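Morning, everyone. Please bring up the model, and we'll walk through it strand by strand.

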Amino acid sequence: MYNFDKIINRRNTNCAKWDTLAAMYGRNDLIHLGVADMDFESPKPILDAFSKVVDHKIFGYTDLNDGFYSSIQRWINKQLGVNIPREWIVFCPRINIASSICVDTLTSPSSSVILNSPAYSPLKEAIVKNNRRLIENSLVIKNGKFTMDFDHLESIVDDDTEMFILCNPDNPSGRVWSRKELEQLVQFCKEKDLILFSDEIHSDLLAEGVKHNSALHFEELYDRLIYANSPTKTFNIPGVIISYMIIPNEELRDKVKKSIDRIGMHNPNIFSVVAVEAAYNHCDDWLMSVKDYVNENEKFVRSFLEENMKEFVVMPREGTYLLWIDYTALGVSEDELRDWFINEAKVELYMATNFGKDGYGYIRMNIAAPRKLLEEALNNMKNVYHKIKHK
Ligand SMILES: Cc1ncc(COP(=O)(O)O)c(C=O)c1O
């Protein structure tokens, strides 16, 4: 029903994934598997909604409508089984803006904020660029999976800590935190009196058989919870720039809303409101299909690597469309590997130091792409593997 095999040339479209990074490396023959968006067409109901806006030919200031709020309420109920009142929903163009505003507004200048490590770098920047002290909670591998070590967490939290930023599903590790891990984290935040900022932008993109456990499932957290989400990853519309927070606590919510108002962020992009309504009401089938396709891509990449380049060891993926791959068995440095990817294999993907010191020894591969494109990238790698394997 949907043709995710279709290869679409994204070069020369001001594309952050295909153009910006090509310019950075000074070449236009790379296959890009880095930036986290999909190389698939967005769902038709969203395209139709955009066409309607374009056909109207006036692109005036836009307001949030009832449909914006009710679509989010419907989605949260459908995905998480949680009913949220409309007034808890706070519009914000990007989650990266939301995380920064929340750190700036809800923590004091001398405070520290905890973030798991490795981490999606803008979450780290939200802390560091607001001059808060970053406390990195190094994830540890247990039973083959990245996990939070709560004993370690107890040892790094201090009297100045005011917030914990969680990414769930976790970018880059691909973990969907278990109910038990979240219970422990909720307890920890309550005991240490921390606000929890839970970035759940990848929560609709789950691997086969995985169920998402959300911070919204913990009512005891509602006095201190900022939940952030968006349909942009799920339906491949991140260029539309739209996200939202759910903030149950009125005092926290008012503070955040005032900050959003203070920086003049008053109106949403004209395409964003119709995108949210179309995405959250009319694209369920597309989402099911894209998840199936990504799951098949994962199987394909795993078996290709196992058969041909077994020193690349893929960690379990529970959520996201990103594979977190351990290359330590190759015994090469990150610089050597980057050089090999760009100049020999002609594949661009994310090196793990983008995600902090605890990412060292890993690469992140985006598999939300037509299978033929992944196959081409993997064949490129295979053809020059001898040049990196015996360094
Ligand atoms: C965990 C996470 N949070 C936030 C974002 C960006 O969200 P936004 O485009 O709404 O700033 C990304 C994009 O890759 C992400 O992976």
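L322 stands opposite N366 in strand β15. This is a predicted model: local features need pLDDT of at least 70, side-chain atom pairs count only at pLDDT 80 or more, and totals for chains, interfaces and linings use all residues. Numbering starts from 1 along each chain as its sequence is written.

Back to the pairing. β12 (residues 322–326) and β15 run antiparallel, joined by five bridges. Strands here are DSSP E runs of at least two residues, helices H or I runs of at least four, numbered from the N terminus. Two strands pair if DSSP finds at least two bridges between them. β14 (residues 350–351) also pairs with β15, antiparallel, over two bridges. There, M351 stands opposite I363.

So is β15 buried or exposed? Five of its five residues, 362–366, are buried. Buried means 20 or more other C-beta atoms within 10 Å of the residue's own, with C-beta atoms placed from the backbone; exposed means 12 or fewer, and partly exposed is in between. In a regular strand the side chains alternate between the two faces of the sheet. In β15, both faces are covered: Y362, R364 and N366 on one side, I363 and M365 on the other.

Next, β3 (residues 112–117). β3 and β4 (residues 133–138) pair in parallel over six bridges. The chain gets from β3 to β4 through helix α5 (residues 121–128), a right-handed β-α-β crossover. Right-handed means this: with the strands pointing away from the viewer, the path from the first strand over the helix to the second runs clockwise. β3 also runs parallel to β7 (residues 161–167), with four bridges. L115 has bridge partners E136 in β4 and I165 in β7.
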